[in-house]
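This report examines a few selected sites in one protein chain. Please consult the sequence and the structure shown below.

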Amino acid sequence: MHKEITSINNSFIKEIVQLQSKSRVRKNTGRFVIEGKREVSLAIKGNYEVLQLLYCDEIYTDSNLDDFQTEIIKISKEVYQKIAQRDSTEGIIAIATSKNFSLTSLKLTSKNPLILVAEAPEKPGNIGALLRTADAAHVDAVLIANPKTDMFNPNIIRSSVGCVFTNQIATGTTTEIITYLKENNINIYCAALTASKSYEKVDYSEASAIVVGTEATGLSEEWLNNSTQNIIIPMQGQIDSLNVSVSAAILIFEAKRQRKFA
């Protein structure tokens, strides 16, 4: 028999609402919310600690709940609708423990790692799309320089379709990440409009970091001053830039092509 919550005024339910909406609460408690069966499964596969699993039996129909080694809580449809931010999360929500995304926690096992770096991305949708690209290309790590939002923002989890749990991620300042890359002899290829080579003319077969900035301002001078080589995607239309996640996908998959998708 599972514990049951039927009131939206329950104190635990109020805590979940706070976790969904406030980065400060996620940071202070070290907890965050996961919605959806696929996302919960990917988090568990990624060795995240799930503290509680909530399900609405009017929506969630699987019978394998007891396979989850955690506290199981049955909730009413009214409660589910109060805490769920999406209609397509199959009636299942988890509370999990946050992970440390420090650079010191990175474990690069490849002799020639391929890393995606994004400086100061703001929109959760763009961050999610970058993580999906990184997962699809199976890069060795994703580094976020000067992050503007925490990686456990519900909109990042949603837009990444759970790829926040499948990638090795680290965050830090631009200076810290540049220092890390240089100490590990990783070439730095910055997407930039100036002093650049066309992206397909650069060799990414050795340890490489592909670095992208925001669409509005591009990369900071600190990145450009420390770049091994600036790279550019030739534009043949009337605009001079692509969405950051699209640019990253083009560059990362060119590197994967050169590496014969190994």
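## Ser159 and its surroundings

The model is predicted. Leaving aside neighbours within four places in sequence, Ser159 is in contact with Pro124, Gly125, Gly128, Ala129 and Arg132. Ser159 belongs to helix α6, which covers residues 154-159. Its relative accessibility is 12%, and Ser159 therefore counts as buried, the cut-off being under 20%.

Two backbone oxygens are reached by the side chain of Ser159: that of Asn155 at 2.8 Å, and that of Pro124 at 3.0 Å.

## Helix α5

Helix α5 spans residues 124-137 and has 14 residues. From its first C-alpha to its last, α5 reaches 20 Å, close to the 20 Å expected at 1.5 Å a residue. Just after α5, His138 adopts a positive phi of about 55 degrees.

The buried residues of α5 are Asn126, Ile127, Gly128, Leu130, Leu131, Thr133, Ala134 and Ala137. An α-helix has 3.6 residues a turn, so residues three or four places apart point the same way. The elements covering the buried residues of α5 include strands β6 (114-119), β7 (141-145) and β8 (169-172), together with helices α6 and α9 (244-258).

## Val33 in strand β2

Val33 is located in strand β2, residues 31-35. With a relative accessible area of 3%, Val33 is buried. Apart from neighbours within four places in sequence, Val33 is in contact with Ile16, Leu19, Gln20, Ile93, Ala94, Ile95 and Ile157.

Glu15 lies 18 residues from Val33 in sequence, and the C-alpha atoms of Glu15 and Val33 are 10 Å apart in space.

Key. Residues are numbered from 1 along each chain as its sequence is written. This is a predicted model: local features need pLDDT of at least 70, side-chain atom pairs count only at pLDDT 80 or more; totals for chains, interfaces and linings use all residues. Side-chain values use heavy atoms; hydrogens and water are left out. Helices (H or I, at least four residues) and strands (E, at least two) are DSSP runs, numbered from the N terminus. Buried means under 20% relative accessible area, exposed over 50%, partly exposed in between (1.4 Å probe, protein chains only). A polar contact is a pair of N or O atoms within 3.5 Å; within protein, one must be able to donate a hydrogen and the other to accept it, and residues adjacent in sequence count only if both atoms are side-chain atoms. Contact means heavy atoms within 4.5 Å. The expected span of a helix is 1.5 Å times one less than its number of residues.
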